[in-house]
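Dear colleague,

Please find below the structure that I am handing over to you. My findings follow it.

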Amino acid sequence: VLLPLLGALGAAWLLVSAAMAWGARRAAALAALPGPAVYRAPPGAGSEAPAARLAFLGDVQRGIADIVQPLGAALPERGVDLVVSSGDLVSHGEAPYYGVVVAALDVPTFTTPMRAVPGNHDLWPRRSKDDRIGGALFEERFGPRRWAEVVGPALVVGIDNGADWLIEDQLPWLAETLAAHPDRPWILVCHRPLYTFDEPTRQIPHDLGGLVAALPARPPALVISGHLHAFHDEVVDGVRHVVNAHGGDVHGLAIRREDFQMLYVDVDADGVRTELVGYARKRSLRTYLDQLAVRFWSDRRKWWGALLAWPGSVVLSLVGKSVPVVRHPVERRVPPREVLDARRGEGLPS
């Protein structure tokens with residue numbers, strides 16, 4: 001009885017190890033993918049167009065597996081000139097997770113130009129709150145962490161408040177950008193809301209006070225954010241704040257299966273109008289397998305994952321195909337301000 005049992009356990013070990021070896025190899029391939037073409041495409045409406053239609057996508061993370069196909073059909077049908085992610089498009093700030101998103105968007109049906117601001121998940125690797133790692137990946141794959149885009153009559157401004165915590169360094173750039181477009185209604189996009197809308201006593205987060213104080217000089221038509229995982233729409237001091245977070249599956253470890261939501265914004269001579277539309281999910285098997293591969297790759301960093309992967313790792317190393325295990329320093333808390341300042345003086349890692 002013992003020998004068959006040991007044989008079955010050994011066979012299962014080899015099977016799981018082979019799966020983890022496949023995952024490591026696929027994750028390495030995903031990590032090498034360049035940014036998606038839709039991020040390099042100009043908006044559908046030029047600066048002289050009298051009207052523009054924008055779409056804003058909330059927190060996605062693991063939900064990338066089942067939103068790309070519905071959006072690929074809906075965005076062209078509705079004539080969207082630019083779709084904008086308000087952050088947390090990626091599950092974790094590491095190259096294979098970026099690769100999952102890049103591969104998911106690289107389908108013939110998804111052609112709408114796209115932009116994004118970074119969220120904390122885009123910037124932080126697993127078990128770390130060092131935004132230099134994911135920040136470098138964001139800039140390589142998606143472009144600047146702050147940006148401005150003219151779409152028809154509108155100016156869309158993306159600010160990085162995902163995990164940067166240095167908003168005051170972006171305020172002079174924001175003032176110059178708005179001064180260069182004095183007659184355009186503008187929309188501010190950032191990941192974290194400018195108020196704690198999820199708390200009974202609404203407060204301004206400690207690092208966002210400078211940005212809130214800068215808005216009255218040139219109030220935006222909308223401030224669009226995510227992060228809270230619950231929709232919220234409120235006017236504060238004459239500025240409308242929309243927390244549009246239902247783009248993915250994020251509620252702790254639970255997987256969201258209800259409809260995801262897109263916020264459509266029309267801008268023309270009559271002003272700015274919004275519409276919230278829900279869409280049924282449709283899972284992409286290819287993206288799901290990519291997510292599974294990256295999970296195998298990530299689990300190799302744990303003691304039990306290393307044990308399960310050991311036979312496959314030995315075989316890969318023997319044929320010169322080994323994939324290194326990437327471990328980032330564990331940082332459970334956001335580093336102090338002086339540490340962040342010193343890091344930014346060092347520049348981003350290569």
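**Cavities**

The second largest cavity holds about 30 Å³ of space. A cavity here is a set of points, on a 1 Å grid over the protein atoms alone, where a 1.4 Å probe fits but cannot get out, and lining residues have an atom within 4 Å of a point. Grid points are joined across faces, edges and corners, and a volume is the space filled by probe spheres set on the points. In total, the structure holds two cavities of 30 Å³ or more.

The model is predicted: local features need pLDDT of at least 70 and side-chain atom pairs count only at pLDDT 80 or more, while totals for chains, interfaces and linings use all residues. Residues are numbered from 1 along each chain as its sequence is written, and side-chain values use heavy atoms, with hydrogens and water left out.

The lining of the second largest cavity is formed by Leu-57, Ile-64, Ile-67, Val-68, Leu-71, Leu-105, Phe-110 and Met-114. By class, this lining has eight nonpolar, no polar and no charged residues (Ala, Val, Leu, Ile, Met, Phe, Trp, Tyr, Cys and Pro count as nonpolar, Asp, Glu, Lys and Arg as charged, and the others, Gly among them, as polar).

**Salt bridges**

A search of the whole structure finds 17 salt bridges, each being a side-chain nitrogen of Lys or Arg within 4 Å of a carboxyl oxygen of Asp or Glu. One of them joins Arg-301 to Glu-94, with the closest N and O atoms 2.7 Å apart. Arg-301 lies in the loop between helix 8 (285-299) and helix 9 (303-318) and Glu-94 in the loop between strand 2 (82-85) and helix 3 (95-105), so the pair ties together parts that are 207 residues apart in sequence. Helices (H or I, at least four residues) and strands (E, at least two) are DSSP runs, numbered from the N terminus. Arg-301 counts as buried at 16% relative accessibility, and Glu-94 is buried at 3%. Buried means under 20% relative accessible area, exposed over 50%, and partly exposed in between (1.4 Å probe, protein chains only).

A salt bridge also links the side chains of Arg-145 and Asp-160 (2.9 Å, N to O). Arg-145 is in the loop between helix 5 and strand 4 (147-151), and Asp-160 is in the loop between strand 5 (154-158) and helix 6 (171-180), 15 residues apart. Both Arg-145 and Asp-160 are buried.

Arg-273 and Asp-268 meet through their side chains at 2.7 Å, N to O, in a further salt bridge. Arg-273 is partly exposed at 37% relative accessibility, as is Asp-268 at 23%.

Helix 5 (residues 131-141) is mostly covered, with nine of its eleven residues buried; among them are Asp-131, Arg-132, Phe-138 and Arg-141. Just after helix 5, Gly-143 takes a positive phi of about 110°.

Pro-205 lies in the loop between strand 6 (186-189) and helix 7 (209-214) and counts as buried at 18% relative accessibility. Pro-205 and Pro-193 are twelve residues apart in sequence and 8.6 Å apart in space, C-alpha to C-alpha.

**Surface**

Leu-2 lies in helix 1 (residues 2-31) and is exposed, with a relative accessible area of 56%.

Yours sincerely

Technical notes: 1 Å grid on protein atoms, 1.4 Å probe; cavity = no way out; pocket = protein on both sides within 12 Å on 5 of 7 lines; lining within 4 Å.
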